[in-house]
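Okay, thanks for coming, everyone. I've got one model to walk through today, so let me put it up.

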Amino acid sequence: MKLNEQTSCPSFLQRAMDGQDLVIYGDESQSRDFVRVSDVTRFLAAAMEESDASTPVTNGCIGRGTSVFELGNTLIKRYKGRIVHDLGRPGDIRRSLGAPELAAKILGVQAQISFEQGLTTLGYY
C-alpha cells in the first residue's frame, strides 16, 4: 500500500504499511503528542479569527503523550514486520507533550480526534 498524495505520513508509518521492520531508536520511552492535521487546521483557523498580537502562544495538540513503542505495537498488529531497536539518535526529542488547556480557554477550540481515532479514520489501523 502506498500513501496517496493528500496524506502526510512519517517514514515510520510508511515502513509499517510496506511490511518493513519498525526501527525504534533509544529505549522505547520516547513519546510524542500526535495530533491529526484536521485538528491542527482547526487550531490555526481559530487563532487567525480569535487572536491578535497580544494573545499568548497556545498549543495545538491532544495533550496525551503516546510512546513511539506504543505506536509501533499498534501498527504491527495490522501490518507485517516487527519492532527492532537501535541506538538513540543525537538530538532526538525524548518527550513531546503539549498543554491544550490554554487554546481551549482563549480560542475555544480543542482537538476532536484521538490518536487511535486518527489511525482508524485514515485507514492505518
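Predicted model: local features only at pLDDT ≥ 70, side-chain atom pairs only at ≥ 80, totals over all residues.

Residues are numbered from 1 along each chain as its sequence is written, and side-chain values use heavy atoms, with hydrogens and water left out.

So, helix α2, residues 37-50. Helices here are DSSP runs of H or I, at least four residues, and strands are runs of E, at least two, numbered from the N terminus. α2 reaches 20 Å from first C-alpha to last, close to the 20 Å expected at 1.5 Å a residue (that's 1.5 Å times one less than its number of residues).

Which residues of α2 are buried? D39, F43 and A46, where buried means under 20% relative accessible area, exposed over 50%, and partly exposed in between, with a 1.4 Å probe and protein chains only. Down the axis of α2, the buried residues fall within an arc of 70°, so they line one face; the arc is taken from the directions from the helix axis to the C-beta atoms. Their cover includes α4 (101-107). Turned away from that side are the exposed V37, L44, M48 and E49.

Next, E28, in the loop between β1 and β2. Its phi is near 80°, positive in a non-glycine residue. Most residues other than glycine have a negative phi. E28 is partly exposed, at 25%.

Last one: T66, in strand β3, is buried at 1% relative accessible area.

Terms used:
Contact = heavy atoms within 4.5 Å.
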